[in-house]
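Reader: Please put the structure up first. I will then ask about it step by step.

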Amino acid sequence: MNVKDFYENWNLSNIPKYAKLLMNFEEELIFDIISNLDEFDKIKNKKDALILDCGCGFGSFYNLTKDSNTIYLDISLNLLKKFNIKTNKICGDILNLPFKDKSFDLILCIDVLEHVDYKKALSEIKRVLKNNGVCIVVVVNKNSIINEELFTDWKIHHQPLGIEDFGVEGFYITYWKTFYFVHPIFKILPTKILEKFLNFFKKVDNKLGNTKMFKNKGQFLICVFKVR
Ligand SMILES: C[S@@+](CC[C@H](N)C(=O)[O-])C[C@H]1O[C@@H](n2cnc3c(N)ncnc32)[C@H](O)[C@@H]1O
């Protein structure tokens, strides 16, 4: 199935409870990491800054950008319809962004690049970022010690990437880390216990991602780029 068709038919209510808990866990980790980034904070608080949430889905990360001037773009009309805001939503392709060069101060691209030609997507992102603009990318990490089927067994094009794939001309990396160290075995826990376990594991996860031994080994990679 191609990526667009997959997301056009995607429905959160078909996802089992344990998978929703794990997805929420991933989202919470991303939310915490991004909200604590200096680069993010500076731009978010700049009055006239323009932000793009590129591949926004149904708006899981809306709370990060809702108080800024933000445009939300996704290729799936189905997901955009499920995203409960009235304005600033655009149906478009990351490989051919419908914006002028140097339009944005900040672009978020969360769990999208593994689905597309990531080099082409990054060159589009670079094109529409202003000089000194910042791009924050999250992808499935190909160097992870965990192969969590929940995120890798999708029946669509889904190519994990590693930090070594991000030597992109015109960008320099200012920050990266990997996160999400939950072993798939915990899926067998009853959901109430899984929920408690994940609450407890949040701090552990954060610490593991900061250790030398596991720095590159989490299931997801977050990378911050700046335009040269
Ligand atoms: C795993 S979801 C992530 C959604 C959202 N960023 C989040 O983290 O909740 C991947 C998203 O990428 C979008 N997507 C896939 N290919 C795309 C493309 N070529 N252009 C724009 N969006 C695309 C999908 O429609 C879907 O919303």
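Reader: Which residues of α2 are buried?

Author: This is a predicted model, in which local features need pLDDT of at least 70 and side-chain atom pairs count only at pLDDT 80 or more, while totals for chains, interfaces and linings use all residues. Residues are numbered from 1 along each chain as its sequence is written, and side-chain values use heavy atoms, with hydrogens and water left out. Helices are DSSP runs (H or I, at least four residues) and strands likewise (E, at least two), numbered from the N terminus. With buried meaning under 20% relative accessible area (1.4 Å probe, protein chains only), the buried residues of α2 are Ala19, Leu21, Leu22, Met23, Phe25, Glu26, Leu29, Ile30, Ile33 and Ile34.

Reader: How many disulfides does the structure hold?

Author: A disulfide is a pair of cysteine sulfur atoms within 2.5 Å. Cys56 has its closest cysteine sulfur in Cys54, 8.6 Å away, so the two are too far apart for a bond. For Cys135, the nearest cysteine sulfur is that of Cys109, at 6.2 Å. The number of disulfides is 0.

Reader: Is Cys135 buried or exposed?

Author: Exposed would mean over 50% relative accessible area, with partly exposed in between. Cys135 has a relative accessible area of 0%, so Cys135 is buried.
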